[in-house]
Amino acid sequence: MTTSNKKTPLGYFEKAIAELRDTQQELQAELEELRKFKQNYVQLAEKLESTTQELQAVKAELENIKTNSQQTNKQIEEVEHQNQQNIDAVKTGIENGSIVAQKAVMLRGVDNEHWMGFCKLDAVNHHCLRVWKSSDNTWHDDIRVKASFFLRARDNHHWMGCVGEHHSYDVFRVWKSDNSWQSSIRVRAARHIYKG
């Protein structure tokens with residue numbers, strides 16, 4: 001188109017149409033950008049909704065954990081309190097003598113190598129106590145205790161014991177389980193039995 005045509009009405013129209021086309025293309029481009037923006041907005045809104053739901057689920061789970069933790073802590077405190085009460089009761093029972101602690105298996109002798117304890121039952125089911133030596137794992141019949149009130153005679157129904165004193169001598173007799181004393185002790189060949 002010539003320069004003269006630009007100044008004619010037809011030239012003005014052609015120029016206006018060209019500008020209108022440019023504007024239309026710009027608007028079309030902006031409209032496309034708005035569509036993309038709207039699409040991105042919808043996607044962001046969906047993600048936000050999903051994130052909100054997940055956040056609410058996590059929040060509910062945290063509340064459950066908090067509640068369970070509080071209940072567990074309360075139960076632990078109750079168990080600790082009950083255990084402390086039991087310990088205090090046992091301690092009080094031991095202190096006032098209402099609880100007797102179980103005896104040790106063996107009692108210490110002269111040192112940490114010698115221990116007194118049960119060794120065996122004899123032929124008539126009496127308990128035999130002996131000294132156990134830990135260094136060589138052997139038993140020894142060398143426990144000394146004060147003399148018993150009675151000494152066993154021939155069986156569990158006959159027991160020997162002192163019944164009194166006669167002319168500065170101790171008098172021994174046999175006591176029978178029917179609560180009677182018998183003067184039937186015999187010793188071999190001794191004129192006097194040493195009174196120590």
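Predicted model: local features only at pLDDT ≥ 70, side-chain atom pairs only at ≥ 80, totals over all residues.

Reader: What makes strand 6 and strand 7 a pair?

Author: Pairing needs at least two bridges. Eight bridges join strand 6 (residues 158-166) to strand 7 (residues 169-176), so the two count as paired. They run antiparallel. At one spot W159 has W175 as its bridge partner, and at another H166 stands opposite Y169.

Reader: Why are strand 5 and strand 8 called edge strands?

Author: Look at the sheet order, 5-6-7-8, in an open sheet of four strands. Strand 5 (151-152) and strand 8 (180-182) each pair on one side only, which is what the label refers to.

Reader: What sits in the hairpins?

Author: Between strand 6 and strand 7 there are two residues, and H167 takes a positive phi near 50 degrees. The hairpin of strand 7 and strand 8 has three residues between the strands, with N179 at a positive phi near 65 degrees.

Reader: Why is the H114 and D111 pair called a polar contact?

Author: The limit is 3.5 Å between N or O atoms, and these side chains come to 2.6 Å, so the pair qualifies. H114 itself lies in strand 2 (residues 114-121). Leaving aside neighbours within four places in sequence, H114 is in contact with residues including L107, V131 and W132.

Note on methods: Residues numbered from 1 in each chain as written. Heavy atoms only, no water. Polar contact = N/O pair within 3.5 Å; in protein donor to acceptor, adjacent residues only side chain to side chain. Contact = heavy atoms within 4.5 Å.
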